[in-house]
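Please keep the sequence and the model at hand while reading.

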Amino acid sequence: MLKKNNGVSLTIIIVHLNDIINLIKTLDSIIVKEKNNVEIIIIDGKTKNIEKELYSTLNGNKDIILLSEKDYGIYDAMNKGIQKAKKEFALFLNSGDTFSSKESLSNLLIEIKNKKVLDNNQSDIFVWKVSVDQLLNKIKYGIFNKNTVHSVFSHQGVIVKTSILKKYMFNLSYELTADYDLFKKLFYRNYKFKYLKQVYTNVSSNGVSDSKRLNVLFEWYKINTHYGFTFLTYLKFLVVSLKVLISIQKKWLTRSL
């Protein structure tokens with residue numbers, strides 16, 4: 001049986017722009033039992049009347065911080081959240097992303113606490129399974145290793161020590177794949193990844209990266225080139241590229257029918 005959490009603290013950074021209904025959906029899914037261990041930071045790209053729209057949620061709630069101002073894209077917003085984060089770990093959610101159940105957040109913190117005890121607090125990054133559109137047969141999850149050539153897990157299924165994020169931040173030269181660049185950087189700097197087997201969060205399909213697959217592929221290529229291709233990783237990237245191109249063709253054919 002898992003032990004009660006008594007130490008893991010988490011900053012949940014929610015990136016938002018003009019999507020109040022989905023933002024409230026995300027906030028409603030964050031059920032916090034250990035209130036002192038969790039803070040919520042909403043980084044908003046200057047949505048009109050957001051304070052009024054969220055009044056009932058924000059009024060008197062000291063655990064939710066709202067920053068509403070123009071930004072230069074999702075990773076700029078995420079970096080702003082990092083700068084404000086005060087807890088030990090940080091998790092990034094987009095507006096509309098949710099925890100899988102009312103118990104998911106507490107169970108996640110408990111599992112991480114137990115993993116930290118077992119590995120003597122050596123793990124820096126925790127990765128878990130993320131369901132797409134709440135479908136358990138459609139999961140984002142994978143192991144990052146030296147042969148990884150694309151995003152194998154979702155940033156909504158990862159927490160990273162805040163001190164590490166403050167040191168490195170997201171590279172804004174990558175509009176769509178700065179999270180992959182960051183995780184590759186942390187892997188090559190020998191930070192320790194720990195992989196969990198549970199589904200704790202949900203994301204929706206058809207996000208920005210899904211609609212700009214060619215751009216994503218080009219950015220992956222640039223990042224991999226920076227770290228250097230081997231013969232094996234180059235072959236793997238060709239396979240990934242072929243799969244992406246086939247998926248784009250299928251979508252194009254579906255739309256044209």
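Is phenylalanine 237 buried or exposed? Phenylalanine 237 is buried, because its relative accessibility is 5% (buried means under 20% relative accessible area, exposed over 50% and partly exposed in between, using a 1.4 Å probe and protein chains only). The model is a predicted one, in which local features need pLDDT of at least 70, side-chain atom pairs count only at pLDDT 80 or more, and totals for chains, interfaces and linings use all residues. Residues are numbered from 1 along each chain as its sequence is written, and side-chain values rest on heavy atoms, with hydrogens and water left out.

**Aromatic pairs**

- The structure as a whole contains 19 aromatic pairs (rings of Phe, Tyr and Trp, the last by its six-membered ring, pair if their centres lie within 6.5 Å; planes under 30 degrees apart count as stacked, over 60 as edge-to-face and the rest as tilted).
- One of these pairs joins phenylalanine 89 and phenylalanine 126 in an edge-to-face arrangement, with 5.8 Å from centre to centre and 75° between the planes.
- This pair links distant parts of the chain, as phenylalanine 89 belongs to strand S4 (residues 89–94) and phenylalanine 126, 37 residues away, to strand S6 (residues 125–132). Helices (H or I, at least four residues) and strands (E, at least two) are DSSP runs, numbered from the N terminus.
- Phenylalanine 89 and phenylalanine 126 are both buried.
- The pair of tyrosine 221 and phenylalanine 237 is tilted, because the ring planes meet at 45°, with the centres 5.8 Å apart.
- Here too distant parts of the chain are linked: tyrosine 221 is in helix H9 (residues 213–227) and phenylalanine 237 in helix H10 (residues 231–256), 16 residues apart.
- Tyrosine 221 has a relative accessible area of 37% and is therefore partly exposed, whereas phenylalanine 237 is buried.

**Aromatic cluster and a charge over a ring**

- One aromatic cluster is made up of Tyr141, Phe144, Phe153, Tyr180, Phe183, Phe187, Tyr188, Phe193, Tyr195 and Tyr227.
- Lysine 129 sits over the face of tyrosine 141, at 5.6 Å from the ring centre (the criterion is NZ of Lys or CZ of Arg within 6 Å of the ring centre and within 35 degrees of the ring normal).

**Salt bridges**

- The count of salt bridges is 5 (a side-chain nitrogen of Lys or Arg within 4 Å of a carboxyl oxygen of Asp or Glu).
- Among them is the bridge between glutamate 88 and lysine 116, at 2.7 Å from N to O.
- Glutamate 88 is in the loop between helix H4 (74–84) and S4, and lysine 116 is in helix H5 (residues 104–118), so this bridge ties together parts that are 28 residues apart in sequence.
- Glutamate 88 is partly exposed at 26% relative accessibility, while lysine 116 is buried, with a relative accessible area of 12%.
- Another bridge joins the side chains of glutamate 175 and lysine 212, at 3.7 Å from N to O.
- This bridge also links distant parts of the chain, 37 residues apart: glutamate 175 lies in the loop between helix H6 (162–168) and helix H7 (178–188), and lysine 212 in the loop between helix H8 (208–211) and H9.
- Glutamate 175 is partly exposed at 49% relative accessibility, and lysine 212 is partly exposed at 33%.
- Aspartate 181 bridges to lysine 185, with 3.9 Å between the closest N and O atoms.
- Because aspartate 181 and lysine 185 are 4 residues apart in helix H7, about one helical turn separates them; both residues are buried.

**Positive phi angles**

- Most residues other than glycine have a negative phi.
- Asparagine 18, although not a glycine, has a positive phi of about 55°. Asparagine 18 is in the loop between strand S1 (10–16) and helix H1 (20–28) and is exposed, with a relative accessible area of 56%.
- Asparagine 120 likewise has a positive phi, near 60°. Asparagine 120 is located in the loop between H5 and S6 and is exposed at 59% relative accessibility.

**Surroundings of serine 154**

- Serine 154 is in the loop between strand S7 (135–140) and strand S8 (158–161) and is buried, at 6% relative accessibility.
- The side chains of serine 154 and glutamine 156 make a polar contact at 2.3 Å (a pair of N or O atoms within 3.5 Å; within protein, one must be able to donate a hydrogen and the other to accept it, and residues adjacent in sequence count only if both atoms are side-chain atoms).
- With neighbours within four places in sequence set aside, serine 154 is in contact with Val130, Lys140 and Val203 (contact means heavy atoms within 4.5 Å).
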